Amino acid sequence: MSAPFRLTIIGAGSVGFTRKLISDILCVPEFAGVEIALTDTNQHNLDMVSEIIQRIVDVNKLPAKVIATTDRREALKGARYVIVGDLGEAWDFRALIRAFRLLREPGAELIALGMTKPTRIATTASRLSRT
C-alpha cells in the first residue's frame, strides 16, 4: 500500500461527474489510503456527493477517507493532486488561479477536467507553473 496522500476535487458538487471520477480513482492500487477532499460552493450537492462517495468506500471496505467542505483553502491544505471538476457554465476562472496559487506542496499537481474553456485553463496553468 502506498503512503496516504490528499486528493482534492474543486467543483465536486457535480454528482455524476464526481461519483464516476472517484469510483475510477478508487480502483487504482496506488491510491489506496487516499484522503479525498471534496469542495464546492453548493453545500446541498456537496453533502449528496460526500454521502455517495462514503458509501462506495464503506461498501467496498476501502482504506480511503472522505472529507467535504465548502472552504476551498481547507480542502487544498496538503493536497498532492488537485482536480478541478466540471464547473459547467458558472465556472470561475479566477478560482482556478487562486487554487493554483494556494497549492504550495512541492510536487503537487493541478489537473483540470470537464471544463468549458480547457485551452484557456491549460495556457494559464502553464504560465502559473513557471512563476
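Two strands count as paired if DSSP finds at least two bridges between them. Keep that handy for this predicted model.

**Exercise 1.** Work out which strands pair with strand 1, and in which sense.

*Solution.* Start with strand 2, residues 35–39: 5 bridges join it to strand 1, and the two run parallel. With a cut-off of at least two bridges, strand 2 counts as a partner of strand 1.

**Exercise 2.** Follow the chain from strand 1 to strand 2 and name the unit they make with helix 1.

*Solution.* Take strand 1, then helix 1 (residues 15–25), then strand 2: together they form a right-handed β-α-β unit.

**Exercise 3.** Decide whether each face of strand 1 is covered or open.

*Solution.* In a regular strand, side chains alternate between the two faces of the sheet.

**Exercise 4.** Find where the largest nonpolar core gets its residues.

*Solution.* This core has 20 residues, with Ile22, Leu26, Val34, Leu38 and Ile53 making the most contacts inside it. Strand 1, helix 1, strand 2 and helix 2 (43–59) each give two or more residues. Helix 2 supplies the largest share, 5 residues. Next, check Ile53: beyond its neighbours within four places in sequence, its contacts include Ile22, Ile36, Leu38 and Val66. A second, separate core has 5 residues, among them Ile10 and Val82.

Technical notes: Residues are numbered from 1 along each chain as its sequence is written. This is a predicted model: local features need pLDDT of at least 70, side-chain atom pairs count only at pLDDT 80 or more; totals for chains, interfaces and linings use all residues. Side-chain values use heavy atoms; hydrogens and water are left out. Buried means under 20% relative accessible area, exposed over 50%, partly exposed in between (1.4 Å probe, protein chains only). Helices (H or I, at least four residues) and strands (E, at least two) are DSSP runs, numbered from the N terminus. A crossover is right-handed if, with the strands pointing away from the viewer, the path from the first strand over the helix to the second runs clockwise. A nonpolar core is a set of buried Ala, Val, Leu, Ile, Met, Phe, Trp, Tyr and Cys residues joined through side-chain atoms within 4.5 Å. Contact means heavy atoms within 4.5 Å.
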